[in-house]
Amino acid sequence: SFCGLTRVWQPHPRSPPPPWLGHRSRAETWLAGCMAQAPPKPGIAPVELAISCVFSVFFTTNALLDLSADLWALDAPRARLAFLRDWYVFRQWSPIVSPIFLALTLLLPFAVFTLCKGALESICGWRSASRLRHTVDILEAVILVGVILPIGIPAAVSAQEALIAACKGSVTGGVSGGGPLGFFSADTTATLRPGDMSACKASAAELPSPHLLMVALNLLMWACDVLRYSCGGAPAGEEKRD
């Protein structure tokens, strides 16, 4: 019977434990010892929070402006799609925003390294912290390295370039050679011909989705920064550092 089998499997009080039970116990003991000896994650300084918020606010604001321009133009496409095309030509190299964007982009490798390091410390147990801190560190690295850089930004840029290309033959007049480096063309008197409206409108309809995704991801990154600062670095039950 089942009860008889369980009695057979029960070890004798004086017999040594089976090998698999001993190995599991040693593994659990080793893992618990590693977690107990792991140094705590340092807390986030106010300066670090301020730098993270600068990144989040800047990219969130840009994504919101793009999304607002999309929705405004699609509300009356016949009169406003020319503006939307000029808007993204302007966004390719705007006098003040683009240099700031370039400066922040140069700092991006350091941000990627810091986030990936924090995520690996949480996954591998190299540092101890509260469960919320571990979750936020892993989530922030996944959002930036796994979604924003390989998916969000390429999708938004390709949709913007597709709009410029689709509406390029639909505009009349304009001045070429815009931007301080002369890489892009600008047109401040663009008007759409009726025959080209459908292609331009179809390209414009693809823009809100990637821009809305970028708004949501940047807001989530902002929330992770605030949570990472608020929960500190000490595990639950330990005294937080001042």
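# Cysteines, salt bridges and a helix face

User: Let's start with Cys 224. Is Cys 224 buried or exposed?

Analyst: Cys 224 counts as buried, at 2% relative accessibility. Buried means under 20% relative accessible area, exposed means over 50%, and partly exposed is in between (1.4 Å probe, protein chains only). The areas come from the Shrake-Rupley method with a 1.4 Å probe, and for residues only the protein chains shown count as cover.

User: What kind of model is this, and how are residues numbered?

Analyst: It is a predicted model, where local features need pLDDT of at least 70 and side-chain atom pairs count only at pLDDT 80 or more, while totals for chains, interfaces and linings use all residues. Residues are numbered from 1 along each chain as its sequence is written, and side-chain values use heavy atoms, with hydrogens and water left out.

User: Back to cysteines. How many disulfides are there?

Analyst: The structure holds one. A disulfide here is a pair of cysteine sulfur atoms within 2.5 Å.

User: Which cysteines does the disulfide join?

Analyst: Cys 167 and Cys 200, with 1.7 Å from S to S. The link is right-handed, with 90° about the S-S bond. Cys 167 sits in helix H7 (residues 131-168) and Cys 200 in helix H8 (residues 197-205), so the pair ties together parts 33 residues apart in sequence. Helices (H or I, at least four residues) are DSSP runs, numbered from the N terminus.

User: Are those two buried or exposed?

Analyst: Cys 167 is buried, at 0% relative accessible area. Cys 200 also counts as buried, at 0%. As for Cys 53, that residue is buried too, with 18%.

User: Switching to charges. How many salt bridges are there?

Analyst: The count comes to ten. The rule is a side-chain nitrogen of Lys or Arg within 4 Å of a carboxyl oxygen of Asp or Glu. Side chains of opposite charge can pair when their charged atoms come close.

User: What else does Asp 137 meet in a salt bridge?

Analyst: Arg 133, at 3.0 Å, N to O. Arg 133 and Asp 137 are four residues apart in helix H7, so about one helical turn separates them. An α-helix has 3.6 residues a turn, so residues three or four places apart point the same way. Arg 133 is buried, at 5%. Salt bridges with shared partners join Lys 41, Arg 133, Asp 137, Glu 140, Asp 225 and Arg 228 into one network.

User: And Asp 86? Which residue is its salt-bridge partner?

Analyst: Arg 85, with the closest N and O atoms 3.5 Å apart. Asp 86 is buried, at 17%, and Arg 85 counts as buried, at 4%.

User: New topic: helix H6. How many residues does H6 have?

Analyst: H6 (residues 108-124) has 17 residues. H6 reaches 24 Å from its first C-alpha to its last, close to the 24 Å expected at 1.5 Å a residue. The expected span is 1.5 Å times one less than the number of residues.

User: Which H6 residues are buried?

Analyst: Leu 115, Gly 118, Ala 119, Glu 121 and Ser 122. Seen down the axis, the buried residues of H6 fall within an arc of 160°, so they line one face of the helix. That arc is taken from the directions from the helix axis to the C-beta atoms.

User: What does the face turned away carry?

Analyst: The exposed residues Pro 109, Phe 110, Phe 113 and Ile 123.

User: Last one. Which residues make the nonpolar surface patch?

Analyst: Val 57, Leu 219, Trp 222 and Val 226, covering about 300 Å². Patch residues have over 30% relative accessible area and no salt bridge; nonpolar side chains (Val, Leu, Ile, Met, Phe, Trp, Tyr) are joined within 5 Å, and like charges within 9 Å. The largest share, three residues, comes from helix H9 (residues 208-231). Trp 222 is in H9 and counts as partly exposed, at 33% relative accessibility.

User: H9 also holds Pro 208. Is Pro 208 buried or exposed?

Analyst: Pro 208 counts as buried, at 15% relative accessibility. The C-alpha atoms of Pro 208 and Ala 156 are separated by 8.9 Å, though the two residues are 52 apart along the chain.

Methods: Helix = DSSP H or I, 4+ residues; strand = E, 2+ residues; numbered from the N terminus.
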